[in-house]
Amino acid sequence: PIGDVILNAKSELILISPYFVPRKAGIEQFRKLRERGVEVRVLTNSLSSTDVAAVHSGYAPARKPLLDMGVRLYEVRPDANILGTRRSGLKGSRASLHTKGFVVDRSHVFFGSFNFDPRSAHINTEMGIFMDAPELAAELVPDLISTLDAGDSTYEVVLNEMRQLRWLDKREGQFVELTKEPQTSFWDRFV
């Protein structure tokens, strides 16, 4: 099963999910991966780019535990212009992540309809393509990591010294540390 491939990752997991809600059991599985030294990167929607704010509220409590264990979290900017995004989100942002997939150890690749959330896991009928494809992964992963680290299409979510959430926003070649969910109002965050 696909879950076994993820849980048996040896060095790297890159996960892309617009609706990422790992819950306690999922957080524990990420902890086990990190304890074995697996590098984990997750790309999901920011609050300002999501088209379902309720899903974001399911993801938000997982950020601190995941960051504490060394998972790297990236959230799509609402003004991103990257492959795999579409117009949606709060206030009709120009970009909302829609791609769903993962790459394990730069050899196993999955793309499909499965989100990493309880609804996809237990209610929906999901489909996808799962491949042992190191050549494809070798092409995808460097470009994806470069895009994530560039910061012009995503915010990297980090914890500061006091364990407060911060979003790294690249402006004019410099990273600026934002203290609130980017491009949202008090009302957006309250809801």
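I started at arginine 63, whose side chain makes a polar contact with the side chain of glutamate 181 at 2.8 Å. A polar contact here is a pair of N or O atoms within 3.5 Å; within protein, one must be able to donate a hydrogen and the other to accept it, and residues adjacent in sequence count only if both atoms are side-chain atoms.

This is a predicted model: local features need pLDDT of at least 70, side-chain atom pairs count only at pLDDT 80 or more, and totals for chains, interfaces and linings use all residues. Residues are numbered from 1 along each chain as its sequence is written, and side-chain values use heavy atoms, without hydrogens and water.

Arginine 63 sits in helix H4 (helices are DSSP runs of H or I, at least four residues; strands are E runs, at least two; both are numbered from the N terminus). Is arginine 63 buried or exposed? I noted 3% relative accessibility, so arginine 63 counts as buried (under 20% relative accessible area; exposed is over 50%, partly exposed in between; 1.4 Å probe, protein chains only). Beyond four places in sequence, its contacts (heavy atoms within 4.5 Å) include His56, Glu75 and Trp167.

Next I looked up the largest nonpolar core, which has 27 residues. Such a core is a set of buried Ala, Val, Leu, Ile, Met, Phe, Trp, Tyr and Cys residues joined through side-chain atoms within 4.5 Å. H2 gives the largest share, three residues. Phenylalanine 30 is among those with the most contacts inside this core; I found Leu13, Val40 and Val71 among its contacts.

Last, I checked H6. Its buried residues are Ala137, Val141, Ile145 and Leu148.
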